[in-house]
Amino acid sequence: MRRKLYVLLLSVLGGAALVILGPLPGATAAENGEWAVYPAASRLGGRPYFYLSADPGTTLTDRVTVANKTSAPLAFRLYGADAYNTDRDGGFAVRTRQEKQTGAGAWIRPERTRITVPARSAVTVPYTLTVPADADPGDHPGALVALDERIARGGKGSVAVGVQRAVGARVYLRVNGPTVPALAVEDVTLDQDRPLVPGTRTSSALVSYTLYNRGNVTLNPKVVLKARGLFGRTLLDRDLAGVPAELLPRQKIRLTERWTGSPQLDRGDVTLTVTAKDVKETATVSFLALPWFAAAVLVVGGAAGLCGLRIRRRRALSA
């Protein structure tokens, strides 16, 4: 019997990725080559995102456009979705229609949840966004998603894969009230990979750390990694490139950075400094780089030498 596995292929403002449970990396245009989703405007791309602000207890109205670029009609399900950062790389992601929405995704209500867009045409749908009276102030990012109702067949062997695709236009909603930017860098670890015999190959170290947006606003973090050895010598000073462009409120991600050419004999500290608007935090982990095999050989050799010296002394005294 062939097992069925349903996979969702989504694109939020461009960029598509094969994902399960709806994560999707962000990019620059809300389209996948066949259809596009964007805020209603006088021209495509005139408003690349929905930027909205509201007081708790108020209702906003706006319109979303779905454009069909193919030569055949396409049917879609429209829904609102909460956004989050993916575990894999911190990319911008949204929940699937089957997942529970608790923020902007739960507050968005399209006037029509099912639409058919004729070939090479566009359909604009009004929607409302009702902010609960008890909504927390700050950012509540999400998306308006057009989910293709077709399930394409794919996969080989014992697993039948059903691929369903979607495109989402990002919604950046700020609920008015006090904003609290807060960012932490936590759980910094250093895993070293050194040769048994110093100098036989290049050593490396893997720096792992967690970025945690503890506040209620979206942050654009920058991370600097510095390593210092004995006597304060600078071993490494690097701006990290694998940091997500946006870290959403209350999101936590685990990241790593490879340090090639780490010392094989040294002692020091690795410090991570993370900055964003109005925040700066640091975390440090100490390291000891010691060629244990060579040290063990020296210790064993030294112990053997001492034992030999004692034996010779005893023989000399007894002679």
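## His140 and its surroundings

The side chain of His140 comes to 2.8 Å from the backbone oxygen of Asp136, a polar contact in the sense of a pair of N or O atoms within 3.5 Å, where, within protein, one must be able to donate a hydrogen and the other to accept it, and where residues adjacent in sequence count only if both atoms are side-chain atoms. His140 sits in the loop between strand S11 (138-139) and strand S12 (142-148), strands being DSSP runs of E with at least two residues, numbered from the N terminus.

With a relative accessible area of 10%, His140 is buried; the word buried stands for under 20% relative accessible area, exposed for over 50%, and partly exposed for what lies in between (1.4 Å probe, protein chains only). Leaving out residues up to four places away in sequence, His140 touches Ala104, Trp107, Val171, Leu173, Val175 and Arg250, contact meaning heavy atoms within 4.5 Å.

## How the model is to be read

This is a predicted model, in which local features need pLDDT of at least 70 and side-chain atom pairs count only at pLDDT 80 or more, while totals for chains, interfaces and linings use all residues. Residues are numbered from 1 along each chain as its sequence is written, and side-chain values use heavy atoms, with hydrogens and water left out.

The average pLDDT of the protein, that is, the predictor's confidence in each residue from 0 to 100, is 84, and 77% of the residues score at least 70. Over residues 294-300 the pLDDT is below 50, and this stretch has two contacts in the model beyond near neighbours in sequence. Residues 1-7 also stay under 50, although the model has 25 contacts for them beyond four places in sequence. Where pLDDT is low, the predicted coordinates should not be read in detail.

Most residues other than glycine have a negative phi. Arg250, one of the residues touched by His140, has a positive phi of about 65° although it is not a glycine. Arg250 belongs to the loop between strand S18 (234-239) and strand S19 (252-260), and counts as partly exposed because its relative accessibility is 45%.

Asp278, likewise not a glycine, has a positive phi near 70°. The loop that holds Asp278 runs between strand S20 (266-276) and strand S21 (279-289), and at a relative accessible area of 67% Asp278 is exposed.

## Thr70 in its loop

Thr70 is found in the loop between strand S5 (59-68) and strand S6 (74-85), where its relative accessible area of 17% makes it buried. A polar atom of the Thr70 side chain lies 3.0 Å from the backbone oxygen of Ala72. Apart from neighbours within four places in sequence, Thr70 is in contact with Glu34, Ala119 and Arg120.

Notes: Helices (H or I, at least four residues) and strands (E, at least two) are DSSP runs, numbered from the N terminus.
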